[in-house]
Amino acid sequence: MQTERQPLFSSFEKNRDYMHERLAVDQSFDMIQRDLEYAGIKMALFVIDGFGKDEILLYIMQLFAELETEDLEPNVLKKLLERYIPYIEVDEANDLNEASDLVLGGPAALVVEGANKVIIIDARTYPARSPEEPDLERVVRGSRDGYVETIVFNTALTRRRVRDRSLRMQYLQIGRRSKTDICICYIEDIADKHRVESLKKKLEMIDTDGLPMAEKTIEEYISGRHWNPYPTVRYTERPDTAASHLYEGHVLIIIDGSPSVMITPATYAHHLQHAEEYRQKPLIGAYLRFVRFFAVIASIFILPLYYLFAKHADYLPANLQYIGPDEAGVVPLFVQFLLAEIGIDILRMAAIHTPSSLATALGLVAAIMIGEVSVQVGWFSHEVVLYLAVAAIGTYATPSYELSLANRLVRIFLLFAVALFGAIGYIVGITLWILYLVRMKSFNVAYFWPFIPFSYRPFRDVFLRSPIPLKNRRPAFLHPRDPDR
């Protein structure tokens, strides 16, 4: 929704009073209005305390104090902008509503008597932490910097790695009240122009008060299929990961207030990649990728498969008859799985809310007092705890946190299918899951690519972690303008 325009009045007092009222200076202690007069010309400075750089504004005011009346004649606005405001980020606004909205974002607004525009001085600073390695994307070798909550820092970290003249950072504001800063980032010589325009239109169509959850709110608006558990965008907090996707032809969305950068589009295979695989030799990286794939597959299928064999021991050959609980136990096996799944989620939530100094104590309580005692009293069998631990490890080994949560729901769905229909339920459940992924799309891209539709070279790269010198073609599904690396 566009803000109604309010052109400047011919009277300085009216302009000053309008800004004063619109910004509610008297009702907010951190909203500062400084009435000034230099060289016989009245001025009014509007800035939010905590956003404005005191040293910059003080230096500008000191220069103004040395001005004489003839220094600002005949065009006061032109003289101030071109000569007497020694700062790089200076702009002008011919709309009072626009100027007041800019002040709410951090810049200072200077209303000058005799000027037909408001001077915008972007001397702002945001409270920000230093770039640190992301907790979810740690590597043994590699950079230790990561995105932070300030959009300008994040764009700078990206440009540090992509010094391409065609790198584009397009600015948007979303939210009628929050006016959150958004940046669409792509390499113009590589990215598909139609994909960029389509994404930009989707972002501009978002009509809401604000973005309290930042990137997650935007994802729900632009991805569609709200009840789909699988992520259609990939998140990263690593600038090197973001840069590698830019070179492939992806489009990034950087949101102010969030350290997570959105990568669009993203397939199922993208969520299985990790920077660690590319920080090692190709053969070692391929081995690590195989291990990761095995862990992800185990996290989905091993519990329902064990439950199937425990219910139907006749499916097992003679040398595998040991699989299955020795005793039926007090609690039915299916209920044991459900209780254990819920218990792991409760433990995960408790770990999030537990101070780091108490995390070790929480682990001891969960492992010894709950886990061991529950087996002894007959709530759980030893094999249930074992296979559930394998599934949980596979879940945590999944690079994408969002994908691991979706796979967990699939695992529970397969448990219900086996409980109700046995082997047929297990097979049909897996078939329905594959069909669901095959029918999915991420921004008009097949989610299960390169498996379906099949593409040999990308398929090989997904499984083998090909050496970088051999990856001389960009992914075809992105329709890059420059397909050759």
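A polar contact is a pair of N or O atoms within 3.5 Å; within protein, one must be able to donate a hydrogen and the other to accept it, and residues adjacent in sequence count only if both atoms are side-chain atoms. Keep that in mind. This is a predicted model, where local features need pLDDT of at least 70, side-chain atom pairs count only at pLDDT 80 or more, and totals for chains, interfaces and linings use all residues. Residues are numbered from 1 along each chain as its sequence is written, and side-chain values use heavy atoms, leaving out hydrogens and water.

First stop: helix α4, residues 96–105. Helices are DSSP runs of H or I, at least four residues, and strands are runs of E, at least two, numbered from the N terminus. At the start of α4, a side-chain oxygen of Asp95 comes within 3.1 Å of the backbone nitrogen of Asn97. Just after α4, Gly106 has a positive phi of about 130°. Which residues of α4 are buried? Leu96, Asn97, Ala99, Ser100, Asp101 and Val103. Buried means under 20% relative accessible area, with exposed over 50% and partly exposed in between (1.4 Å probe, protein chains only). The cover over them includes α1 (12–22) and β1 (31–38).

Next, Glu219. This residue sits in helix α7, residues 215–223. Glu219 is buried, at 7% relative accessible area. Its side chain makes a polar contact with the side chain of Lys216, at 2.8 Å. Another polar contact, of 2.4 Å, joins the side chains of Glu219 and Tyr235. Contact in general means heavy atoms within 4.5 Å. Not counting residues up to four places away in sequence, Glu219 touches Gly224, Pro231, Thr232, Val233, Tyr235 and Met262.
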